[in-house]
Amino acid sequence: MSNPIISCRNLTKIYKMGSTEVRALDDVSLDIEEADFVAIIGSSGSGKSSLMNMLGGLDKPTSGDVFIAGQDMRGLSSSALARFRNETIGFIFQQFQLLTKKSALKNVTLPLQYRRPRYAGQLERAQVCLDMVGLGDRSHHKPTELSGGQQQRVAIARALAGEPKVLLADEPTGALDSKTSVDIMRLMQELNRDGITIIVITHDEEVAAYANRVIEFRDGKIIADKRKEVAA
Amino acid sequence: MRRFLTTLGLAFSSLIEHPMRSFLTSLGVIIGVGSVFAVLAIGEGSSRQLMEQANSVSTRTMTVYQDWGRQSGRSSQARPRKPFVESDVEEFRAIPGVIAASGQVGRNVSAVSETADWNSTLTGIDTDYLAANDLTMQRGRAINYVDLDQRATVALIGQTIARTLYRDQDPIGQRIKVNNIPFEIVGIVNSSDQQNWRGQDPDDFILAPLTTARNRITGGNQYVSSHIESIKVVGGPDANLQRIQAEMDIILKRSRGINATETPDYRIFNFAANIAARGKTQQTITILLTAIGAICLLVGGVGVMNIMLVSVSERTREIGLRMAICAKKSDILIQILSEAIVLCFFGGVLGLLAGYSVSYLPFWGDDMTLVYAAQPALLAFGSSMLIGVVFGFLPAYHAAKLNPVEAFRHE
């Protein structure tokens, strides 16, 4: 087994809602191997979204440590964190979160626009990513001219543009019908086969079935961690 | 530099997505910059006009004329109506700083040549007259001491007389009958570029020696033989006109036997003082209007800030997304700030154009000139950019401190 690309140690996150404290993550320790395909499942409020925010470096834990690709997230300033996110993690969201007035191609270049020094050949790279998700011929369409599944493909291409080590997907099929969901999950499987680590957060067992490893959360704790038998 | 341009380009492309809103947002800045620019141009124009006037002979001129009206309350026999005399003029001429002092008498006359007649004015003049009135000879000779001494019947004529009475002929050497008294024309005076303040034709005049005019045209005075109706005194370019005026006052009071406490029966009109007062009024008006323009600019800035805040909260999700997948806080700060700056930049450019086109509006009279200079343009434009930075900062800061996790939940 290779070194874990993501490693959480005694991760706790407490949200204060007025006078009551909500323990969204309760002393979670977790390792995720490189090039793995992991699904994190649980009902809403189980803490899986909080975990996603921690793993993506979007939020800081109340206590405990997160290491991503060997980097201690605790030690990073907010701008260093932004840079780290940009270069290491690709995000995919339930609502796609595309810029509606920009073409698919421009949307995909978004992570590259913030690279310093300037990323040469942004448009070429974006086109390559659109080709990867099978939308090479739609690069000049605006998101409003694309179907939901196509929009999510654009979002995946955007996540891939920065050549991240980890793809974090938060309910990637939540806004899609079941047939399109299958297409998207197959695409993710293909990407995983090419060597990228994928973490999918979902409450849908069918979606989780595409993963190699399924971790189930309830009340901020891991209650199950099953590895699918890999057919040899 | 390249990064800077890229950022501005991004800001521009995001503003162009809402062209109407962007235009209306910068309208306040456009009006502010335009009005500051135009007002400063108007102020500069009128102050230049004043400066030109202040350097001319006419503004260094003081005119003395009689003011019998001021004797109201006195009985008619208390003091005879006393005219000025030639010795007054000579004493004025001796005041240091005076370059010309000229006494004159005048009448409306009928002038007849061999072919035409014309109603004009005849002015009896001395040798300082041309200098005191900023006139030059076009042809022929001026009136000299010999003419004055001999009461010669010679005359100078203005352009209008030459044109109307002598059409194709050369007037010099010709005879002109003024109230039936024949004069020989010896010279023609150049056209005056001074606008006559009564709106009369400034070139319609006949000039004759003072002594001749007094003797033959205007008639004498029952008390003094060397009487004069009004006196013009011109100071040198650097002369202290107030001091000259004070000395003139002393001379006249002594010559006319007026106590220091008495109301004088004459008036000295000082054109320079008049101009200075006008200059002050204009300066005040310019400052006032500029202040209004500046307030407009300020209000425009608040408008920019307001719309930018709306636009930030409208784009909360977009900003959250940008922060989640790529952008640093400083990237967001710079993005919003540069949008405000770009707005104010275009507002400034359009404002300068608007301010410039004000001069093509039809309601400016001939005496109103707008002088555009680089300095006020830079001032107005610079303040619009400053407004962009200052009023862009709050919305930009607002955007940059958004938490990406919360920004996402924002609908």
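This is a predicted model: local features need pLDDT of at least 70, side-chain atom pairs count only at pLDDT 80 or more; totals for chains, interfaces and linings use all residues.
What covers the buried residues of α2(A)? The legends below start there.

View 1. Residues are numbered from 1 along each chain as its sequence is written, chains are lettered from A and ligands numbered from 1 in the order in which they are written. In α2(A), look for A:Ala82, A:Arg85 and A:Asn86, which are buried (20 or more other C-beta atoms lie within 10 Å of a buried residue's own, 12 or fewer for an exposed one, in between for a partly exposed one, with C-beta atoms placed from the backbone). Down the axis of α2(A), these buried residues fall within an arc of 100 degrees, so they line one face of the helix; the arc is that of the directions from the helix axis to the C-beta atoms. The cover includes β6 (89-92) and α3 of chain A, plus α10 (316-325) of chain B. Helices (H or I, at least four residues) and strands (E, at least two) are DSSP runs, numbered from the N terminus.

**View 2. Where chain A touches chain B.** Chain A puts 17 residues into the contact and chain B puts in 16; two residues are in contact if their C-beta atoms, placed from the backbone, lie within 7 Å. On the chain A side, α2 (78-88) and α3 (104-113) are the elements that give two or more residues. The largest share, six residues, comes from α2(A). Sorted by class, the chain A side has seven nonpolar, five polar and five charged residues (Ala, Val, Leu, Ile, Met, Phe, Trp, Tyr, Cys and Pro count as nonpolar, Asp, Glu, Lys and Arg as charged, and the others, Gly among them, as polar).

**View 3. Helices α3 and α4 of chain A, packed together.** The axes of α3(A) and α4(A) (residues 122-132) are 9 Å apart, at an angle of about 120 degrees; axes are lines fitted to C-alpha atoms, for helices over the stretch in contact, and angles run from 0 to 180 degrees between N-to-C directions. Residues making the contact include A:Leu105, A:Val108 and A:Leu112 of α3(A), with A:Leu123, A:Ala126 and A:Leu130 among those of α4(A). By class, this contact has eight nonpolar, four polar and one charged residues. In the loop between α3 and α4 sits A:Gly121, which is exposed, with 10 other C-beta atoms within 10 Å. Its C-alpha atom is 9.7 Å from that of A:Thr109, twelve residues away along the chain.

**View 4. An open sheet in chain A.** Four strands line up as β2-β1-β4-β5 in chain A, with antiparallel pairing; two strands pair if DSSP finds at least two bridges between them. At the edges stand β2 (20-33) and β5 (71-72), each with a single partner strand, so one side of each has no neighbour in the sheet. Five bridges join β1 (residues 4-17) to β4 (residues 63-68) in chain A, and A:Ile6 has A:Ile68 as its bridge partner in β4(A).

**View 5. Two residues with positive phi.** Neither is a glycine: A:Asp27 has a phi of about 55 degrees, and A:Phe96 has one of about 65 degrees. A:Asp27 belongs to strand β2 of chain A and is partly exposed, with 14 other C-beta atoms within 10 Å. A:Phe96 is in the loop between β6 and α3 of chain A and counts as buried, with 23 C-beta neighbours inside 10 Å.
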